[in-house]
Structure formats: structure tokens, C-alpha cells
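Please open the model in your viewer and keep the selection tool at hand. We will go from stop to stop, and at each one you will be told what to select.

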Amino acid sequence: MSAGDCGKLLLLQAELDGELDAAESAALAEHRANCPVCRRNESTITAARQALRRATYHRADAELFRAVAGRIGALRPPPARRISVPWRGLTTFGAGAALAAAILLTVLPVGRPDIVTALVDDHVRALQPGHLLDVVSTNQHTVKPWFDGRLDFAPPVKDLAAEGFPLVGGRLDYLHGRSIAVLVYSHGKHVIELFVWPASGRARVPARAERDGYNVVHWEANAMSFSAVSDVEPSGLEEFVRDWRQAR
Amino acid sequence: MGSDNAFATVALPHLDAAFNLARWLTGSRAEAEDVVQEAMVRALTYFPSFRGGSSRAWILQIVRNTAYGALKARYGERVVGPAAVGEAAAVEDIPDPTDDPETALIRSDDLARIDALIEDLPVDLRETLVLRELEELSYREIAQVTSVPIGTVMSRLWRARRTLTRAAAAEEKR
């Protein structure tokens, strides 16, 4: 025992870490109340805990998730065969562009999954317990500043509660080599996620796509790329996108 | 395929925890990604012998051993051996530079600095602290992951916390 220990140091630490049962903790209480050494050690432990709360939690990105899932045999079949590109939805692209987009999607190298798969995988992964939100707030004025300093761009944040798509929060994600913003909305029992990142000028995301029952609607505006991803039916997702684009 | 999917259900929810631990142990994103991939493949191999209990501790134990393998390959035995522990003891002997060193840590708004202070901890203290504070594992689970008795977990945790607060105070003094 060193000078900084009254003999109860590790017991005190266990108490602060929630490791003592009620009887043990009651037995310690009287000593603790009258021991200056304990008080001082408690402040050291508390300070370290508060600091650690601000330490970086390094999260696996979607590409690592995909790589691991692939290696342990849990990956969905290769995406190219399952892509459905509704031609009707691509009229804004023009037939040539639509064809190019479809071909591009089919010939993308296997090493790097196409962006629709990446978006849907991110979305599905976010639906797992504990993964959905980095900031929980229905207030766009809370969510927007939260992204400041965490991204090299400022994503537009809108609440669509009045339209039936309340904002529930946001999170950071990592997509094809860059950090992006994800705005999370609810719609009944469904979750709609809006992925936002600066437009690169060579967008390879089809305007509409479907993967394993998840729909993706993509658009670009004000130098930003937007992809809405959800399992709501396509018409519901279209409505969300229309409302979002019209909202101020 | 059926048993692979059972493994995926057990393992994939712990992917963030696996990567976080590997990243804090190796200090490098690329190396941590390699460690996680290798560890998950190993875990798949060992899965038939997994007897239940905390699947997170089980996965993290494999990640931790894989990371130590990578560290040994990079630096040789000494980094993760007794030398690291000796280093910790040396830090402990530094007298408190102020009457109230922990306030320096509380005052610090610089998140990168907090990360740097944790990275400077010897690996045995660092992993104990990360498992407790970032992964919120119980003492028993930390003991399982790091293959030491619970008493050792408790003393490492205390040394990690004290070293951290003192290092913050010493840095502020400079």
C-alpha cells in the first residue's frame, strides 16, 4: 500500500465502477464519508472517467463490416445480379445516361461494392441495436450544430414532423472513403435515412434503385448528394423526398 | 452456411467493439482493420467451442490476442512484456505536480489531447481502461479478455486512472 491508499482504495474504485453489491457498498459507506484519502482518490477516478467519456470511440466503417461479413460467409450474394433499375424512374437521366449508369453498376469491380449496396448495408447495419444515432434530437437546431466540427461540410438539416416524417436524430458514417452525414427520420414503424455528402461531380448513384427490399432515391442539389434509404414502399419514399426538397 | 449465420449473429454486433479495441491497441486504423478481419476468421474457427456466456468478452479476447500478435511482430516481445509494466511503475513514482492534478484533466477541452494521453499509457493499462470506460465491460469480463485475475484488473485500472490524471497535470505545468 502506498501513501495514497487508506486500504480501501480498490474497494472504493469498485464501488464507483458499480461492481459492489448493496451490502458491500453499505459496509464501505461509513468509512468513505470520513476518509480524506478516499475523497481525493474518488476525485481522481471521477476525473479519469469524465475524460474517457470524451475519448474517441473508433467505429468500424461499412467497408470493414462488408469485408468481415464476406470472410465469415455472411455476405449477401454479389450485388450485380440482384440490381433492379426501374427504367421508368430514370427518365430524368435520359436513356443514354440511364444505360451508362446501369452498365457502370454492373461492371463495378467486386473489390469495392457499388454505392447502392454500400448505402443499403450502412442503413441495415444502423438498424441494429445501438447503432442508429450519434445525436438523438427531434430539433433540427440541435442536430445541425452537432455536425459542425465533425465534418468538412455543413449538411442541411430539416424536420418534416408536420409532413409525417419527424426527425429523430443524426449520425456520422463513412462511405467510399469519406465521412458523411446521415439524418434519421421515422415514419410509422419505419426508419428513413438520408445520406448527405458533397457532390463529387461524377455521381454514380442511380436516381432510383432497390436492393433486398430497401429502396434508394438519389438526387443532387446545391453541390450536395442526397440518398434516401428505407424499407418503406417506393411511393412513401418518393413522398418523403418530395417533402424534404420542398421544405425550408 | 447455417452455422456461419449463427456465428454472424453472435459476432457482427460486436464489430465496433472489436475495431475500437484493435485501434486503441495498435494505434493504426489499417492495422486494426487487419487485426479485426483476422480475429473474426479465427473466432469463426473457434466458434464450435464457444460455450455461451458473454459473447462480447469472447470476441474481444480473440481480438486482443490477435492484436498482441501483430504488436509482437512489429516491435518484438518487449513492448507487450514486463517492460511495459515496469514503465507504468516508473510513471507512478512521479510526485503530484500540483495539489489537485485531476482538475487539469477535467479542464481539458482538447479531445485530441485526451486521446494522446490515453495512447501514451502502457498497453496493459490502456487496454484495461478502454475495456472498462469505452466498452463498459465488468471487471470479470475484463479479466477474461486480458487473461489476468480480477485483482490485477483492479490495480491496473487504478494505475491507468492515476497515470492519466498525473500526466495531464504534468503536461499543463509545462
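This is a predicted model: local features need pLDDT of at least 70, side-chain atom pairs count only at pLDDT 80 or more; totals for chains, interfaces and linings use all residues.

Residues are numbered from 1 along each chain as its sequence is written, chains are lettered from A and ligands numbered from 1 in the order in which they are written, and side-chain values use heavy atoms, with hydrogens and water left out.

Select N222(A), which sits in the loop between strand 6 (214–221) and strand 7 (224–230) of chain A; helices (H or I, at least four residues) and strands (E, at least two) are DSSP runs, numbered from the N terminus. Most residues other than glycine have a negative phi. N222(A), although not a glycine, has a positive phi of about 50 degrees. With 76% relative accessibility, N222(A) counts as exposed (over 50%, for a 1.4 Å probe and protein chains only).

Next, select E136(B), found in the loop between helix 8 (123–134) and helix 9 (139–146) of chain B. E136(B) is not a glycine either, and has a positive phi of about 55 degrees; at 62% relative accessibility, E136(B) counts as exposed.

Finally, select helix 2 (residues 15–26) and helix 3 (residues 29–46) of chain B, whose axes lie 8 Å apart and which pack at an angle of about 130 degrees. Axes are lines fitted to C-alpha atoms, for helices over the stretch in contact, and angles run from 0 to 180 degrees between N-to-C directions. Residues in the contact (heavy atoms within 4.5 Å) include F19(B) of helix 2 and M40(B) of helix 3.

Notes. Buried means under 20% relative accessible area, exposed over 50%, partly exposed in between (1.4 Å probe, protein chains only).
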